[in-house]
Structures are given as C-alpha cells and as structure tokens.
Amino acid sequence: MVAWLKKINRMWLSILLVCLTPLATSCNVMAKTKELFSSERQCKEDGSEVASNLINQRIYAISICMKIGETA
C-alpha cells in the first residue's frame, strides 16, 4: 500500500477516564465512538475540552487519544 493511503487510514479515538471520587472504584472509562478524529491534535483538543468541563463540575477526568486503524 502506498504511504499516503496508509496515513489516511489512521484515525484517533478520544477516551476519558471519569471518576466521581479519588477512589478507583468510582471510575468509568468512556470512548467517543460516534466521532473519530483524523488527527491526534483534534482528538486531544476535544478530549481536553470535555475533561475540563467535567473538572469544572468537580468530577475527576483525564483524556487520552488512541490511534486506531490499519496503521495503528
């Protein structure tokens, strides 16, 4: 497969770890499966915005982006 086609197939999935308390038992993992991102930058910006909104509501949250697809 040509290099430019491999790059097109690379997508990013935004994942959040959300906790209601500092205890790990209060945590849930959420993924934004209805919208994949074509760049890591877009994914990180979106995840950071969502995490910040949750943190403002006194909810513990961190975001990560995972590369998915044929070339992951």
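A residue is called buried when its relative accessible area is under 20%, exposed when it is over 50%, and partly exposed in between. The model is predicted. In it, Cys19 has a relative accessible area of 9%, so Cys19 is buried. Cys27, at 23% relative accessibility, is partly exposed. These two cysteines form a disulfide, with their sulfur atoms 1.9 Å apart. The torsion about their S-S bond is about 105 degrees, which means that this disulfide is right-handed.

The count of disulfides is two. The other joins Cys43 and Cys65, whose sulfur atoms lie 2.2 Å apart. This pair links distant parts of the chain, since Cys43 belongs to helix α2 and Cys65 to strand β3, 22 residues apart. Both Cys43 and Cys65 are buried. Here the S-S torsion is about -105 degrees, so the disulfide of Cys43 and Cys65 is left-handed. With the bonded cysteines numbered in sequence order, the pairing reads 1-2, 3-4.

The buried residues in α2 are Cys43, Asp46, Gly47, Ala51 and Leu54. Seen down the helix axis, the buried residues of α2 fall within an arc of 130 degrees, so they line one face. Strands β1 (11-19) and β3 (60-68) are among what covers them. The face of α2 turned away from the buried side carries Arg41, Glu49 and Asn56, which are exposed. Just after α2, Arg58 has a positive phi of about 65 degrees.

Definitions and conventions
Residues numbered from 1 in each chain as written. Predicted model: local features only at pLDDT ≥ 70, side-chain atom pairs only at ≥ 80, totals over all residues. Heavy atoms only, no water. Buried < 20%, exposed > 50% of the residue type's maximum accessible area, 1.4 Å probe, protein only. Helix = DSSP H or I, 4+ residues; strand = E, 2+ residues; numbered from the N terminus. Arc of directions from axis to C-beta. Contact = heavy atoms within 4.5 Å. Disulfide = S-S within 2.5 Å.
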